[in-house]
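Thanks for coming. I will go through one model today, starting with a whole chain and then moving to single elements and residues. Please have the sequence and the coordinates open.

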Amino acid sequence: MSAIFDVRNLKKMFGGLAVTNDVSLSMAPGDRVALIGPNGAGKTTFVNLVTGNILPNSGTVTLGGEDVTRLGPTERVRRGLVRSFQVTRLFSEMTPEEHVALAILQREGRSGKMFASHRAMPDVMNEAQALLAKLGIAQLAHHRVSEIAYGQQRLLELALALALKPKVLLLDEPAAGVPQSDTARIEQAIADLPSDLAVLMIEHDMDLVFRFARRVIVLAAGEIIFDGSPDAVTKDARVRQAYLGSYADARSVA
Amino acid sequence: MALLANSDTISTAGDRRARLTRDAIGVLVILVLAAVGYFLFPNNLALLTRIIAIALLVLSLDLVTGYCGVATLGHAALFGAGAYGAGIAAAHFGITDPIAMLAVGIVAGALAGLVSGVVVLRAHGLPQLVLSIAIVHLAHEAANKASGWTGGSDGLAGIMPDAVFGLWQFDLWGRTAYVFGIVLLLVAFVILRQIVRSPFGMLCRGIKQDPVRVRAMGASVHGTLIKMYAISGAVAGAGGALNAISTQVVGLDSLSFTMSAEALVMLVLGGTGSLYGALIGTISFLWFEDVVSAANPFHWLTIVGALLIAVVLFAPKGLYGSFAAYLERRGRKGR
Ligand SMILES: Nc1ncnc2c1ncn2[C@@H]1O[C@H](COP(=O)(O)OP(=O)(O)OP(=O)(O)O)[C@@H](O)[C@H]1O
Ligand SMILES: [Mg+2]
């Protein structure tokens with residue numbers, strides 16, 4: 001199948017150190033890819049580069065055949081490339097309902113309306129309500145984000161990404177910081193995503209990775225050292241090497 | 001699920017009613033205050049009208065600073081554009097219908113807002129503040145130099161507005177101007193309440209809280225801010241036009257750094273990010289200034305300064321903001 005998302009030789013230097021070094025990867029519609037690697041491997045930096053939040057030193061990003069390397073984050077999102085943040089980024093003074101409604105309105109090109117209220121739009125309200133219910137935070141819909149627990153903010157972070165109905169979805173540790181009792185909701189929400197969506201998930205919890213991924217990519221010190229099936233990854237010598245000492249640690253992070 | 005959706009519709013309708021009630025109360029409070037002012041200070045209507053004009057400037061500042069988080073000390077440029085726009089239309093082009101003058105002021109203000117926005121939004125934080133100061137200084141200097149149009153430092157005179165709708169002449173006591181101003185303020189207030197609650201308004205609040213998140217939603221931060229700057233300019237321009245119509249002169253002070261800074265002080269005094277805060281800040285500041293400067297012409301600035309320090313230290317969210325926060329705390333305890 002042809003690639004919807006293609007990254008070629010992406011490189012980023014932070015003060016002389018290559019945090020992402022010549023990374024290439026491509027995804028087709030329907031892919032379920034887990035991106036793993038030790039702390040500081042450059043996973044988040046990779047997502048930041050791909051989404052245009054930071055600029056690479058070299059390399060290209062192609063989305064649905066179009067080179068988007070020179071475009072800003074906004075333009076990439078409009079072309080269907082959506083990410084979630086490892087450290088939650090929300091509007092602290094706004095409610096979950098407002099967050100999700102705004103994302104839905106933005107997706108539909110209605111976020112610029114000045115003489116309307118999302119509350120008077122039943123389609124938006126119903127969709128927002130259903131999405132919040134799916135992630136188990138419907139009862140918090142009208143609380144300010146600054147008043148709700150971090151674990152539930154993580155669920156809202158995921159809800160925002162889903163509300164945008166992307167073509168390519170990059171999730172940066174969606175389950176980190178979420179109480180064990182709620183991770184099932186996250187898994188279910190991800191499992192329910194449209195089958196033609198390409199999803200890349202960064203995750204430290206290997207159980208989650210094995211349930212989700214049909215392909216695993218391992219990043220270590222800014223380079224891809226493994227790209228293959230979940231079965232093969234645990235047997236790979238270089239992966240074991242990279243994780244040596246930090247693997248036990250990595251398992252417990254989530 | 002049906003049950004869930006149902007209960008949600010009810011809460012939404014209830015919510016909506018609560019908000020409409022709050023808006024109606026806001027309008028009512030403005031009307032009552034207006035009437036009280038009219039009957040208590042019949043000889044001071046000129047001052048009251050000036051307060052309304054400045055209130056429009058402070059509301060306008062609240063839109064970009066309070067709602068969008070843009071730092072500016074140059075907002076009087078927008079007010080001055082409206083004042084000179086309306087004044088020049090009347091004095092040089094014979095456009096003396098007050099509604100037409102108002103329209104010219106609004107357009108001039110919106111254009112000035114666009115230009116300021118394009119310049120100011122190129123930077124963030126302190127450099128942004130410096131750019132805004134540069135803009136108001138440049139505007140001031142331009143108005144000073146173009147004395148053929150603006151009357152320079154003598155001010156622009158010869159502004160003779162017609163009767164409103166051909167019915168109400170602008171009288172010596174300033175009654176017509178006062179009512180004109182109140183109506184203008186009410187219209188602006190109702191429109192702005194709509195805008196700040198709309199999806200666009202949410203986007204603006206989002207930009208203030210986290211622009212990175214706004215971009216990650218696919219929204220344009222810069223485009224949204226520019227739009228808000230133009231709206232803000234229209235509101236400030238309306239205030240400037242009101243000032244030109246009611247005083248029948250336009251001076252360079254309406255385009256000054258001092259005026260910009262005072263507008264910011266009034267906004268902080270009342271509380272940013274809520275239209276009520278802007279109104280309360282303007283009224284308290286100008287009323288206090290008037291009373292204190294009459295009572296103690298030598299030390300009034302000191303007293304105003306002390307008041308400001310007290311408010312910033314003890315009510316950092318401003319008069320209205322602190323009051324609203326107090327009510328919310330009490331409401332939560334009561335629940
Ligand atoms: N803005 C920056 N400036 C300098 N160094 C940075 C910057 N951002 C990240 N780094 C460095 O780049 C390296 C990779 O960071 P990154 O956050 O991408 O790792 P990660 O794989 O996501 O790790 P984790 O599993 O802990 O989230 C780290 O050594 C980090 O300190
Ligand atoms: Mg990371």
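**Chain B as a whole**

Chain B has 335 residues, for which a compact globule would have a radius of gyration near 20 Å; the value for chain B is 21 Å, which agrees. That radius is taken over C-alpha atoms, and the globule rule is 2.2 Å times the number of residues to the power 0.38.

Before I go further, the conventions. This is a predicted model, in which local features need pLDDT of at least 70, side-chain atom pairs count only at pLDDT 80 or more, and totals for chains, interfaces and linings use all residues. Residues are numbered from 1 along each chain as its sequence is written, chains are lettered from A and ligands numbered from 1 in the order in which they are written, and side-chain values use heavy atoms, with hydrogens and water left out.

Along its principal axes, the C-alpha trace of chain B spans about 70 × 45 × 45 Å. What is the secondary structure of chain B? There are 14 helices and zero strands. Helices (H or I, at least four residues) and strands (E, at least two) are DSSP runs, numbered from the N terminus.

Of the 335 residues, 49% count as buried. Buried means under 20% relative accessible area, exposed over 50%, and partly exposed in between, with a 1.4 Å probe and protein chains only. Contacts, meaning heavy atoms within 4.5 Å, are next: among those in chain B with a separation of 6 or more, 78% are between residues 24 or more positions apart.

Chain B exposes about 15,500 Å², and carbon and sulfur atoms supply 70% of that area. Areas come from the Shrake-Rupley method with a 1.4 Å probe; for residues, only the protein chains shown count as cover.

**One helix in chain A**

Now to helix α3 of chain A, residues 96-107. At 1.5 Å a residue, its 12 residues should span 16 Å, and its end C-alpha atoms are 17 Å apart, which agrees. The expected span is 1.5 Å times one less than the number of residues.

Of those 12 residues, 11 are buried, so α3(A) is largely enclosed by the rest of the structure. Among the buried ones are Glu97(A), Glu98(A) and His99(A), along with Leu102(A) and Ile104(A). What covers them? The cover includes α2 (73-78), α4 (122-134) and α5 (150-163) of chain A, together with α8 (199-209) of chain B. After α3(A) comes Gly109(A), with a positive phi near 70 degrees.

**Two loop serines in chain B**

Ser198(B) lies in the loop between α7 and α8 of chain B. At 0% relative accessibility, this serine counts as buried. Leaving aside neighbours within four places in sequence, Ser198(B) is in contact with Lys113(A), Met114(A), Phe115(A) and Ala116(A).

Ser274(B) sits in the loop between α11 (257-270) and α12 (275-295) of chain B. Is Ser274(B) buried or exposed? Its relative accessibility is 15%, so Ser274(B) counts as buried.

Most residues other than glycine have a negative phi. Asn9(A) has a positive phi, near 50 degrees; this residue lies in strand β1 (residues 5-14) of chain A and, at 38% relative accessibility, counts as partly exposed. Phe165(B) also has a positive phi, near 55 degrees. Phe165(B) is in the loop between α6 (147-150) and α7 (175-197) of chain B, and at 58% relative accessibility counts as exposed.
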